[in-house]
Amino acid sequence: MGKLRLFYDTLSQPSRALKLFFMTNRIPYDAVAVNLSKGEHLQSDFEELNPFKKVPVLEHNGFVLTESVAILRYICRELNVPDHWYPQDSQLQARVDEYLEWQHLNTRLFCAMYFQYKVLRPVMSGKPADEKLVKFYYNGMQVVLDQLCNVWLKDRNYLCGDKISIADLLGLCELDQPRMAGYDPGKDRPILKAYMERVRSDLEPHYSVVMERVNKFITKYSDSHSLTAKL
């Protein structure tokens with residue numbers, strides 16, 4: 001397989017998903033932290049690696065990928081990981097792909113943007129939150145969370161079947177993001193709450209390690225309930 005290097009920041013949802021995948025499957029790799037809050041992703045040396053100036057990034061023997069879904073699929077093809085992560089069976093694989101394509105404009109968009117407009121952008125700019133946009137993404141997030149319960153998790157334990165897949169790694173990490181804005185997606189949604197607890201349990205002890213920074217932020221934001229919490 002050769003040398004793998006993962007450039008990441010654990011405040012990034014897809015970065016967390018990839019670290020969890022590598023750690024859970026005991027895949028050897030070099031972890032290269034990129035501190036987004038310090039602007040390290042904007043430095044020229046990182047821009048040479050990824051002109052989009054985002055994390056995560058995978059480098060494998062000079063081959064570079066800059067998109068998390070592509071990275072997960074690539075690793076599943078290249079390494080002998082358990083089949084349930086990204087099944088070789090055409091229909092089972094298509095089911096995972098179905099969620100991976102859907103999530104970009106749904107789970108990822110609304111959970112991420114709710115956190116960004118509620119907390120991140122005000123912290124970075126020093127300006128009050130745009131309440132209209134906060135409300136827009138909050139309302140969109142409610143629709144997505146209901147769809148997760150009523151469609152994706154209807155009559156099954158995981159997003160794409162009866163076994164955990166890479167879809168669940170991305171799904172859980174996106175669902176954790178609004179918690180940094182004081183919102184628990186599992187509250188009043190027992191199906192979603194049970195699902196999140198199930199996936200977390202599957203990923204331990206690695207989940208707790210990967211979530212350390214996020215949990216510190218959640219605690220600080222919860223205690224202060226202000227936009228002064230530092231990343």
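**Close-up views of the predicted model**

At 38% relative accessibility, Arg 95 counts as partly exposed (buried is under 20% relative accessible area, exposed over 50%, partly exposed in between; 1.4 Å probe, protein chains only). This is a predicted model, in which local features need pLDDT of at least 70 and side-chain atom pairs count only at pLDDT 80 or more, while totals for chains, interfaces and linings use all residues. Residues are numbered from 1 along each chain as its sequence is written, and side-chain values use heavy atoms, without hydrogens and water.

**View A. Arg 95 pairs with Glu 98 in a salt bridge.** The closest N and O atoms are 2.7 Å apart (a salt bridge is a side-chain nitrogen of Lys or Arg within 4 Å of a carboxyl oxygen of Asp or Glu). Both residues lie in helix α4 (residues 90-102), 3 residues apart. Helices (H or I, at least four residues) and strands (E, at least two) are DSSP runs, numbered from the N terminus. Glu 98 is partly exposed, at 38%.

**View B. Arg 5 and Glu 59 form a salt bridge.** The N to O distance is 2.5 Å. Arg 5 lies in strand β1 and Glu 59 in strand β3 (residues 57-60), so the pair ties together parts 54 residues apart in sequence. Arg 5 is partly exposed at 30%; Glu 59 is buried at 18%.

**View C. Lys 3 forms a salt bridge with Asp 30.** Their closest N and O atoms are 3.3 Å apart. Lys 3 sits in the segment before β1 (4-8), Asp 30 in strand β2 (residues 30-33). Lys 3 is exposed at 51%. Asp 30 is partly exposed at 34%.
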